Amino acid sequence: QDIISAQLYDGITDEMTISIVKAYDVTVKSDGKEITVRTLPATAGEILEQLEITLGEMDITEPEQDEKVRAGDVITVKRVTKDIVTEEVATDFEVKYQEEKNLVIGETKVIQEGSQGLQKKIYEITLVNGEEAERTLIKSEIIREKKDKIISYGTKILSGVPAGLKYKEKYTHVRAVSYYFSGNPRGAYGLPCEYGTCAVDKKLIPLGSLLYIEGYGYAIANDVGSAIKGKTVDLYMERLVQCGIWGARWTTVYVIE
């Protein structure tokens with residue numbers, strides 16, 4: 001397939017120039033096949049035409065069709081198609097908190113349960129050799145609106161004690177400090193540190209004791225702490241903002257059992 005500018009049987013003359021164009025190998029990858037072809041200098045498009053490989057309107061080649069190829073080059077044909085895909089996507093709800101003045105401080109209450117929304121999205125998909133290479137959102141439609149979860153947190157500080165409260169011990173002038181834990185740690189008694197539990201000096205109040213704390217309500221002695229000595233309790237809140245409302249104050253603690 002090499003080309004020589006003279007016939008092999010031509011005679012040689014003085015100052016004669018003989019030109020030779022050498023053929024070379026090029027690899028073509030198309031439609032899952034790999035072909036090695038020997039060719040004279042040509043563009044990628046010309047080689048594909050020689051091999052009768054037809055290109056669609058959106059198909060692309062690497063290198064491009066008008067680019068000259070060299071010995072050892074690889075021509076890759078990428079078949080490009082487009083498709084329309086419809087997907088339904090769930091949208092997560094948010095958790096929102098609101099203040100409730102009639103709810104006891106430290107307590108929370110679910111006012112509205114949350115539910116996911118549903119959204120229909122239509123995409124134009126570009127496929128290269130059958131694999132997704134790009135997607136473009138062309139339309140979005142809400143099928144079902146999401147519903148946020150709403151939780152009320154209490155800010156009401158109780159006064160006095162329940163009528164007929166029976167107790168075994170009463171401690172006055174107790175320093176009560178509000179406390180908040182992120183996450184869900186457990187206290188020394190084994191219960192989660194949450195609203196309705198508190199930390200105490202176990203030498204004064206045994207762990208597991210059921211208490212009534214003026215201003216806060218009922219609580220179980222669930223935890224201890226190095227800074228909790230004598231008539232001091234840490235009251236666990238459900239929200240950090242509730243700590244700001246309670247702060248640290250003097251109160252009366254009743255040991256019920």
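Buried means under 20% relative accessible area, exposed means over 50%, and partly exposed lies in between (1.4 Å probe, protein chains only). This is a predicted model: local features need pLDDT of at least 70, side-chain atom pairs count only at pLDDT 80 or more, and totals for chains, interfaces and linings use all residues. Residues are numbered from 1 along each chain as its sequence is written, and side-chain values use heavy atoms, with hydrogens and water left out.

**Cysteines**

- Cys-198 is buried, at a relative accessible area of 0%.
- Cys-193 also counts as buried, at 7% relative accessibility.
- A disulfide is a pair of cysteine sulfur atoms within 2.5 Å. The count here is zero.

**Nonpolar cores**

- A nonpolar core is a set of buried Ala, Val, Leu, Ile, Met, Phe, Trp, Tyr and Cys residues joined through side-chain atoms within 4.5 Å.
- The largest one has 19 residues, and Ile-205, Leu-211, Ile-213 and Leu-235 touch the most other members.
- Elements giving two or more residues to this core include strand 13 (169-179), strand 17 (232-236) and helix 2 (240-246). Helices (H or I, at least four residues) and strands (E, at least two) are DSSP runs, numbered from the N terminus.
- Strand 13 gives the largest share, three residues.
- Another core lies apart, with twelve residues, among them Tyr-24 and Val-69.

**Around Leu-235**

- Contact means heavy atoms within 4.5 Å.
- Beyond its neighbours within four places in sequence, Leu-235 has contacts including Cys-198, Ile-213 and Trp-246.
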